[in-house]
Amino acid sequence: MCDASRFFNHHNFRLQGGSNVCSGQLEVEEDDGVWKPACQSQYKLNKSSDDLCSHMRCGKSHRQENMVCDSSKNISLDCTDKVNISLLKDDQSQNVNHCFGSVHFNHSGTLEAVCSTNWDEKDGRVVCRELGCGEVVLVGSGSKVQKDGKHDLVDCKDSEASLWHCLAMHHKNPTSCRKASVICSGSVKVRLSDGPGRCAGRVEIQHEGVWKSVRESNWKEENSKVICNQMICGDALANTDSFIQGTSQVLNNEVICTSNSKSISNCIKSTKKQPQQQDTNKMLICQEHAVVFLMGGCSGKVGIEQAGKTYWLSGSNATFDRQTAMVVCQQMDCGDATSFTFESTSGTTDLWKYSYSCLERKKSLFDCERSEHLSNHSIVSVVCSGSKTVRLKVDTKDKGECWGKVEVCLNGACGGVCEDAWTDKKSDMLCKDLDCGSAIYPLSFLRKSQSALDKITISSVHRTQQTTNISQCNMVKNVDQSYCKDKPAYVVCSGSVKARLMEHRERCSGNVQVFYQGNWSPVCKTALNNKDVQNTICREQGCGHGVKPLSFFGPSSANSGAVVSGLTCSANSKSSAECTVTVTKTNNQQCALGGLQCSEWRRMMLKLGSGTCEGYVFVYSEAESRAVSSDGWTETESKVLCKDLGCGAYIKHTAKEKADYHDLLWGKKYSCKGETNSIWDCELNDRPSLNQSIYLQCQDHLTASLGETGNCSGKVMLNNLPVCYDNWSESHSKIVCQEQQCSNSISFEEIDKGSRSDAHFVSCIGSESYLGQCKTTRGRCGRGLVSVSCAGGVKFNSTQKCGGNIKVFYRGTWESVCLQNMFSQEGRLLCKELVGCGTPQRLLPDQIEQSEEEKEGKIIPETSLKCSNENRNLQHCVIKKNECKAPGVIYCEGYSIKVPIPPIPINWYVGLSLGLLSLVMVVALCLFMRRRFVTRFKSRFSTRKVSAFESGDYEDVETNGSELFGPMEMRDLKSNGESIYIYIYIISTKHYIVYKFSA
């Protein structure tokens with residue numbers, strides 16, 4: 001059904017100026033498209049009020065009368081229906097919005113939806129104009145089909161005063177359709193949020209009733225100009241500050257402004273913007289952005305910075321009062337104003353262009369009444385009651401002040417700062433303010449998240465060109481306390497970085513740890529290879545220069561996770577605080593942890609006594625070893641040393657005159673006072689005056705053992721606890737073997753791999769007499785346990801008396817051994833070791849009788865015999881090394897040689913053969929002569945006649961030892977078809993010859 005109001009006598013009517021579309025002054029559209037009051041037009045009105053209301057779809061008239069023009073009097077109508085346009089947010093009747101939403105007619109209290117078929121921008125302009133909402137921004141269609149559509153196929157000419165007047169199809173009953181929607185410019189606003197002033201901050205656009213941020217990517221400079229002009233903030237400037245990202249939704253529509261755009265509403269397009277990873281919200285600073293600051297933080301001259309230039313606020317008693325001073329102090333978060341003064345200045349000082357008078361409390365000086373009346377040559381100075389401090393807060397008990405979360409305290413109320421707007425420059429300034437060196441960035445994965453007790457009270461901190469201390473900055477309060485709660489600003493200053501050597505037993509040597517971001521982290525050995533790094537760490541410890549990196553000592557499983565994988569120091573670095581630190585997340589397989597030994601390294605040991613925990617106190621250093629003087633040495637120092645050595649409680653100590661074996665004494669004294677971690681905390685630089693040394697006795701004894709008693713090989717034990725394979729070396733094995741009186745060590749090996757039992761880690765310097773004098777600590781091994789074999793437990797044997805396969809009793813069992821040359825020094829020593837066997841001898845294969853063990857198969861030996869030129873003892877020649885593919889053999893002079901059966905001479909064979917041949921010829925002749933016998937024989941086997949034997953074939957056949965023939969023997973005749981064979985065997989010791997005759 002089409003709009004009847006457009007076809008009433010070919011004229012269009014409308015009611016204007018009333019409370020709704022169906023009330024007001026009657027107007028008619030002239031042929032030229034101009035609307036005029038009905039009585040002032042060329043139209044001759046002579047209709048009833050009901051007819052007019054009905055034709056305009058407004059029901060009936062409240063007054064029944066004919067509408068006749070009287071002179072120039074205007075005619076007003078008030079129809080029974082009431083029609084208004086309504087825009088609904090989210091299609092909900094309770095969310096009526098003035099300038100955006102789905103389009104509905106409120107027809108006498110009933111909402112009738114407008115369908116979106118052929119809905120276009122002209123139709124939207126009519127709606128926006130009718131509602132007084134400015135220009136159309138976007139028109140659209142609903143996302144789903146709904147059943148309350150009453151008006152469809154709307155077609156406006158863009159000149160209508162109301163959508164009700166546009167050509168349309170009006171359904172009597174509701175129908176299903178997608179609803180038409182419109183966004184008018186009156187609903188689109190723009191602001192700069194979370195900044196220190198209204199002309200700087202994060203760009204937010206109010207779109208469809210929601211404040212939404214816009215993304216940085218593809219943002220045009222023209223967009224910034226339009227926003228700054230719309231906000232009366234001048235032109236756009238380059239963004240030199242940072243603001244928080246905020247929690248607002250993101251506007252997905254493209255924003256593209258041109259030079260003709262008057263407001264941001266002209267720039268919003270219907271096309272959607274593709275989201276990009278790592279995209280951030282757009283921040284903007286306009287030219288008119290200005291900030292107030294006090295030179296002293298909460299006191300001092302009042303300054304104003306705008307567009308990178310500093311101005312000073314002028315004032316006098318006529319232009320500046322206490323109320324204005326209160327606004328300045330509160331704007332700076334500095335409490336109330338206690339006093340203000342005016343300071344004279346030279347005429348060249350840049351003064352701010354306005355003075356201000358605040359008649360009531362305002363949030364900002366710029367909200368107060370302003371005037372251009374300036375007090376020349378005087379600057380306002382204010383003293384506030386409050387205070388403003390910035391510090392670094394740590395969650396641990398560590399007392400360090402050079403790392404942690406940024407905390408701002410305003411008048412005693414403290415809270416964190418959001419990391420969104422925190423910058424590296426601010427970190428540098430804060431570290432400098434705290435006398436903590438420079439900031440370290442980028443920060444590692446160790447950054448701390450906020451604890452439940454922390455609050456982020458400051459969203460951003462803003463400095464000016466006059467800012468020399470972070471506390472002078474403008475602080476923007478964090479209104480949304482839930483935002484940024486898990487992202488506090490975190491700063492690590494170089495002053496918090498320090499290194500230490502983790503070893504109480506030794507001085508200036510041990511595992512290296514670096515304190516970084518509140519954690520003591522171990523250091524990868526590769527990070528300690530650089531000489532500058534070594535020297536820096538040693539200098540920091542007061543330990544001279546670096547000597548060499550060390551392997552990590554002790555259990556390292558607890559240190560898995562955060563490690564210092566890189567250190568970069570200069571040649572002049574005095575401490576690790578001046579180095580660049582790299583912390584990574586790794587495990588011990590990827591990073592072998594390390595330690596360091598410095599030039600001032602030294603270790604104490606009890607020597608020349610009975611066992612590990614009794615003897616003279618010696619100091620071993622890089623260059624020498626000397627006894628410690630008894631000068632100043634007391635029971636206190638003795639107790640500390642007994643504890644350091646792992647020797648239990650103190651028994652006694654005595655001072656003894658120097659002996660020949662330690663004529664020079666150590667050049668330092670010791671005095672332990674208060675709490676001490678080790679004897680090295682007690683060391684003094686004073687030279688001793690007494691020429692006596694200390695003999696100390698402690699209660700415990702650290703005793704080493706190897707396997708079963710007397711074996712001189714097996715698992716290494718120290719006070720009944722096994723010893724780890726980690727850090728073990730040949731020098732350690734030598735100490736163990738000599739302690740067990742088992743001569744020198746032969747080899748050591750890893751056993752019980754993956755053992756998680758409690759064990760000792762051991763590190764020796766090579767000067768120890770007992771394993772218990774070495775540096776020890778307990779824990780779970782990184783690798784397996786260690787087993788040692790000493791020369792004193794090695795025994796030799798052979799599979800036969802004085803010969804055969806060589807056997808060595810080694811590692812607690814008899815095993816084969818490799819000997820590449822039996823006539824070598826090793827062979828001679830071996831025959832000597834096999835008692836009564838003389839020296840090696842060379843034998844032919846048929847002189848050797850193999851034993852059953854030798855025949856069983858070849859075993860590839862794991863050990864070899866290899867003596868150095870100095871070795872005179874074969875036990876010291878056993879090495880754990882595979883150098884051949886078969887067990888070694890030796891045959892000494894005492895070996896029992898196999899006697900073979902002598903062979904028959906060859907001439908005897910020749911003579912015997914010729915004799916037998918002659919005998920065969922005689923026999924053959926005799927047989928020939930016995931023709932009758934032969935003929936009779938042939939008749940039995942064959943009808944064929946043969947006149948003579950065929951001779952000359954013979955076989956040389958090897959005898960079977962089980963067959964016994966005489967010297968000559970004739971065997972049975974054998975028949976093969978027509979032939980008769982006679983075999984004659986000539987027997988020798990090893991062979992027989994067969995002559996074959998056929999007849």
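Colleague: Why is Asp752 called partly exposed?
Modeller: Asp752 has a relative accessible area of 42%. Under 20% is buried, over 50% is exposed, and partly exposed is in between (1.4 Å probe, protein chains only). The 42% of Asp752 falls in between, so the residue is called partly exposed.

Colleague: What kind of model is this, and how are residues numbered?
Modeller: The model is predicted, with pLDDT of at least 70 required for local features and 80 or more for side-chain atom pairs, while totals for chains, interfaces and linings use all residues. Residues are numbered from 1 along each chain as its sequence is written, and side-chain values use heavy atoms, without hydrogens and water.

Colleague: Where is Asp752, and what is its phi?
Modeller: Asp752 sits in the loop between β52 (745-751) and β53 (758-763). Strands (E, at least two residues) and helices (H or I, at least four) are DSSP runs numbered from the N terminus. The phi of Asp752 is positive, about 50 degrees, although the residue is not a glycine.

Colleague: How do you know whether Cys484 is buried or exposed?
Modeller: The relative accessibility of Cys484 is 3%. That value is under 20%, so Cys484 counts as buried.

Colleague: And what is Ser263 called, buried or exposed?
Modeller: Ser263 has a relative accessible area of 17%, which is under 20%, so Ser263 is buried. Ser263 belongs to the loop between β20 (253-255) and β21 (268-272).

Colleague: What makes the pair Ser263 and Ser265 a polar contact?
Modeller: Their side chains make a contact at 2.7 Å. A polar contact is a pair of N or O atoms within 3.5 Å; within protein, one must be able to donate a hydrogen and the other to accept it, and sequence neighbours count only if both atoms are side-chain atoms. At 2.7 Å, the pair is within 3.5 Å and is therefore a polar contact.

Colleague: Why is Leu914 placed in its exposure class?
Modeller: Leu914 has 54% relative accessibility, which is over 50%, so Leu914 counts as exposed. Leu914 lies in helix α11 (residues 906-929).

Colleague: What makes Asn530 a cap of α6?
Modeller: A side-chain oxygen of Asn530 lies 2.8 Å from the backbone nitrogen of Asp532, at the N-terminal end of α6. Helix α6 covers residues 531-540, and its buried residues include Val533, Ile537 and Cys538. Just after α6, Gly542 has a positive phi of about 70 degrees.
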